[in-house]
Amino acid sequence: MSDKENNNKQDAGKVLIEELTAGPEGDSFWERAWNSVSIPLLAIFSGLVLGSILIAVTSESVWTAWAQSPWEAIKAAFMEVRIAYGALFSGSLGSPREIISAIQEGDPDQIRRAFNPILESLTASTPFIFASLAVALGFRSGLFNIGAEGQLFVGAIFSVFVGYSLVGLPAIIHIPLALLAGALGGAIWGFIPGWLKAKTGGHEVINTIMMNYIAFRLSDWLLSGPMQRPESFNPVSPTIMDSAKLPKLFGPPIRFHIGFFIALGVAWLVWWLLFRTRWGFDLRSVGSNPHAARYAGMSIVGSTVAAMSISGALAGLAGTNEVLGLNHFLAMAFSSGYGFDSIALALLGKSHPLGVVLASLLFGTLRTGALRMQVTAQIPIDIITVIQAFILVFIAAPAIIRTIFRIRGAEGPEEAITIRGWGGE
Amino acid sequence: MASTVIERKEIELASPTRQRVMGIVFLLLGAAIWFFFSRGVEAGATTTFDLVPGGFQSDLADWTLPALATLNILAFVSAFFGGVQLVRGFGKRTNAILGLVAGFFIFGFLVWAAAGKSMNLAGLLNTTLSKAVPLTLGALSGVLCERAGVVNIAIEGMMLAAAMVGALVGSVSGSLWVGLLSAVLTGMLLGLVHAVLSIKYKTDQIISGTVINIFAVGITSFLSSKFMQPNQALNDPGVFRPIEIPLLSKIPILGPILFNNNLFIYAMFIFLVVLHVGLFYTRWGLRLRSVGEHPKAADTLGINVFNTRYMAVLLGGAMAGFAGGYFTLGSVGRFDEVMTAGRGFIALAAMIFGNWTPFGSFGAGLLFGFADSLAGKLAILGVRIPSEFLLMAPYVATMIVLAGVVGRGQMPAADGVPYEKE
């Protein structure tokens, strides 16, 4: 090995370590902590404010009040937003009064009902956790997995198949088997674009988009053909065996199941893989600086394929969680866009497993509350999607947030990702 | 970096490998025609193609073919091309021959599927063209943006938002033209968002596109379930009626297909020509492309990279808005939630498949539209191939093209890379 090459390698190592250990700037711990959460928090805040403006300007009562006087209109707008966001929070967290009185009464039925909203929020967060971990892992390794939605479908197909076709297994074997099948399905769907990227340079964004639609058509076909429930005219799969259903922890109406704890466990596992193993270090090195990583002798091909496969497996688990835990069968379009929402969540959580879990909890909560809001305040649930888009804008362009809130701060490399054009590098 | 460049060259220039691969592909297609189609038809069966679309009066006779003989000829010629390719190679004409053989395969499929029956070929082509319109227009939007170096995966969102605004404004104003104008402006507005995010704030262009897609789904579903569903009068803009062009529409076969359409199809042809000439034969196009290929060099020569990109993305947004207008004002006359149903992404695929050129995109749009309209006919013909597989074909084809198996496309070199002025 020549001197120059040796130097290059040492430099590469130095560059990598500097890049990977670079944290938020600041002198004290609190300053650093604030610097790393200020943008996401302000983005969420701004998103909710813009959402309330949308609620106000599309409300009829505000416009009737406007006819009287602008002051009336402002009052009406505040009322409208208070009702809407009140319903949003009571629908997702439950009302404290109800919880206290239920505990005082000691009636188990009443307690379950009082705690149902918050448990329902956790249940709704679970698929978000899996799917956004998938996207986050991709980001960490420099890949944009826009195909979580398709991987999620394929995972659901695999796990439902194992769930209904294997008969007579004990739950302790059947559940892990179905989970693994789901992860495998997703992994296959992630492996293909990963392999294509590594071998041919075909951009994973295009390929995963294409794979999404292939997965949708595949599930359409399976559900109206080979996997269709006998004696049914609807395109739905058979119901899975009882032994494959993820156990529920409380009585009805609570739907909360152990999937949530599996998701937390997987999040910890992803954190451990990324930040505590050599493999994870390689992966993050390739993600942050492929040239330096190559000099340091890391395999780009291997890490790309592995990252996409694992990312796919995580997304597959999101679908698996839904069919094994809640629906117990597969229907067309059973996912309400978890795979796409997860892109926003991964960015909001700065592609860190902890951040991703928190972001997912937030969105599970918002989605659950939005159902109540739709009923009490007649505000379509799609407002959550709009708010999400706003939050994503502010996360993606932090300069906007800095301008609005006059934050002077690190202009440094805080973005977790940059995609290097269609051509790959 | 270095190794990827070498890899690309290998795929592009390694003609012996490519020659062999293509020869085998031709042979396989020929064998497939024989194996799947020829063996599946009765000896004396005939295939009848109706050459007049439904609702038209014409003296044109049906086109009747002996099924088996036709299929055998198609199979033989394909295999013959394969042999020639393996032995001698077609050189530069390989791609043309590939298109021809693929065409044989599709035609063979039709002959087989309609053996012993009658199929309205003209009707099929008519549906193909109307399905190709939003795909082509969307792809043109992509061509405009990406030739200037800005990746646009927000075609879907722009089309969806424009479709809704077009329907809403069209209903409120009572004028289709005002509706169409508002659709185009909506596309432009979202294009402006995309441009500001990706050019000014240097946001990753894929994220910026994703934002627009998410936003469009959210806002259109929100407004439509808040206003348009409870009040149907807000969702009834009407549609642009077909205009029959005198004389030209009397040309046999092609006349009724091409010259009896509504505004959108004629506009599509005009845009195709204008964009092709504009991009490749004018100073404007040269500047736009140079910004997409090598922004630094363009900047050195005095071209304003930022302004050029803004202009391209705004025009691309307007084009996507026009395409969105087609959904509500050009076809069904009503807005439904998420009605674009992923066609923006097929348009993206068509753009890649069409090698970032207007006419290539149109060809790809036709091909994908054909797969779509054929999928709807399979059940009627009683063919036992699941139509879902045909619907998958565009996506699979795009992945194959992207992988460089049949030759790699020439994407703009600086596509997706934000420009930093030094």
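Mentor: Domain bounds here come from an automatic or database domain assignment. The model itself is predicted. For chain B, the assignment gives domain 1 as 2-48 + 61-119 and domain 2 as 124-398. Taken over C-alpha atoms, the centres of these two domains of chain B are 31 Å apart.

Chain A is divided into domain 1 (32-93 + 355-407) and domain 2 (126-351). Over C-alpha atoms, 30 Å lie between the centres of domain 1 and domain 2 of chain A. Where the two domains of chain A meet, 14 residues of domain 1 are in contact with 15 residues of domain 2. On the domain 1 side, the elements giving two or more residues are α15 (353-377) and α16 (383-396) of chain A. The largest share of that side comes from α15(A), with 8 residues. By class, the domain 1 side has 10 nonpolar residues, 4 polar residues and no charged ones.

Chain A has 425 residues, of which 52% count as buried.

Then there is the contact between the chains, which takes 43 residues from chain B and 44 residues from chain A. On the chain B side, two or more residues come from each of α1 (2-13), α8 (205-228), α14 (343-353) and α16 (387-402) of chain B. α8(B) gives the most to this side, 14 residues. The side of chain B that touches chain A is made up of 26 nonpolar, 11 polar and 6 charged residues.

Notes:
Residues numbered from 1 in each chain as written. Chains lettered and ligands numbered in written order. Predicted model: local features only at pLDDT ≥ 70, side-chain atom pairs only at ≥ 80, totals over all residues. Contact = placed C-beta atoms within 7 Å. Helix = DSSP H or I, 4+ residues; strand = E, 2+ residues; numbered from the N terminus. Nonpolar A, V, L, I, M, F, W, Y, C, P; charged D, E, K, R; others polar. Buried ≥ 20, exposed ≤ 12 C-beta atoms within 10 Å, placed from the backbone.
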